[in-house]
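Please open the structure in a viewer and keep the selection tool at hand. The tour moves from one selection to the next and describes what is found at each stop.

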Amino acid sequence: MVSFYNPNKDLRNFLDNLYKHLNSMHAENSNIQFLDCIEKIKIEHFSLYKKIIGLAFVDDYAFLKSKEDLQQEEIDLLNIYNQLEDVDDVDFLIDENPSILTKIIASSIKFNRLNQKLQAKMIVNLDNNYIKRFNVFSIIEKNEMFRDKTRYDLMNILKDYKEVNNELIFEVKNVLDVLYVGNKNCFFKLMLEMIKTFYKWKKVIQINSPEKTFGIEDEIISIIENKSLLEMIDTLSTDSDFIEVLLTDFLTYELLPNEEKRNIEKLYKKIVSYKIKVKLKEAYLF
């Protein structure tokens, strides 16, 4: 997968690290020290300051928009936010009410500490035309997060690892979690890729060496064979244990020697029922 340079992430990291540093040095008045640093940036590097408040405003706006039970003061603030036109309006609002600066930067630091799935839930419903007025990179960040991923994208992640381990599983699962939030069609396509690969490999093992498949693997094979196409997809794509097994076996299969994979393909075509092969082939039409 081509690495996407995300200036928003760098800026959030800067704010987060600056706050941590000042908190370690000046625990009792770290907030004052932090705001003094932001004020110094405003005086000496106004263009950077505008980038900071533009991003922080979008992050705070995302928190408010995604919150289910808003307090009245939050509703009032959201109404004010909806009337702002650009970063200059944000700067003017801060001049009128300096506590806004504390609030929006705290939201940006909080956003930075969320996992990717929670970040995705925060931004998935943000209106691009609105957020681009304050931080154009937020649109790029959002589009990159939810863009279509393919089998080859997952394989590119796999290239960075020599074995299937927890770190790899975590990284690829993050991709799937984010897609489930903001691009379900792509999520299901990748799930179907994993289902087909899993079944091809594990069914051959189950027939030739039944003692080598057990427990949840046999359960998944049974679901693939006995449930309707829609039931199969729904069952396997909404259970985290099933997803983890499918993902682990999919990645492990891809690391097998090509000769071994060719042998599995031959055995699969020879011993697996035509009905199941057609069912899995038709799954791509889903």
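The model on the screen is predicted.

**First stop: helices H5 and H6**

Two packed helices are described by the angle between their axes and the distance between the axes. Select residues 87–96, which form helix H5, together with residues 99–112, which form helix H6. Their axes lie 6 Å apart, and the packing angle is about 125 degrees. H5 and H6 are therefore oblique to each other. To see the contact, display the side chains of Val90, Leu93 and Ile94 on H5, and of Ile100, Leu101 and Ile104 on H6. The residues of this contact comprise six nonpolar, no polar and no charged.

**Second stop: Asp91**

Remain on helix H5 and select Asp91, which is found there. Is Asp91 buried or exposed? Its relative accessible area is 10%, so Asp91 counts as buried, the limit being under 20%. Next, display Lys42, Phe46, Tyr49 and Ile53; Asp91 touches these residues, when those up to four places away in sequence are not counted. A distance may also be drawn from the C-alpha atom of Asp91 to that of Leu101: the separation is 8.8 Å, and the two residues are 10 residues apart along the chain.

Now select residues 184–208, helix H12, and residues 240–254, helix H15. The two axes come within 9 Å and cross at roughly 65 degrees. H12 and H15 are therefore roughly perpendicular to each other, and their crossing is left-handed. On the H12 side, the contact includes Phe187, Met191, Phe198 and Trp201. What kinds of residue make up the contact of H12 with H15? They divide into 12 nonpolar, two polar and four charged.

Glu254 is buried, with a relative accessible area of 17%. Show Arg151, Met155, Leu158 and Lys261 as well: Glu254 touches them, leaving aside residues up to four places away in sequence.

**Last stop: the cysteines**

Finally, select Cys37 and then Cys186. Cys37 is partly exposed, at a relative accessible area of 26%, whereas Cys186 is buried, at 3% relative accessibility. How many disulfides are counted when the sulfur atoms of a pair must lie within 2.5 Å? The count comes to zero.

Definitions and conventions
Residues numbered from 1 in each chain as written. Predicted model: local features only at pLDDT ≥ 70, side-chain atom pairs only at ≥ 80, totals over all residues. Heavy atoms only, no water. Axes fitted to C-alpha atoms, helices over the stretch in contact; angles between N-to-C directions. Helix = DSSP H or I, 4+ residues; strand = E, 2+ residues; numbered from the N terminus. Parallel < 35°, antiparallel > 145°, perpendicular 65-115°, else oblique. Left-handed = near helix turned anticlockwise from the far one by under 90°. Contact = heavy atoms within 4.5 Å. Nonpolar A, V, L, I, M, F, W, Y, C, P; charged D, E, K, R; others polar. Disulfide = S-S within 2.5 Å. Buried < 20%, exposed > 50% of the residue type's maximum accessible area, 1.4 Å probe, protein only.
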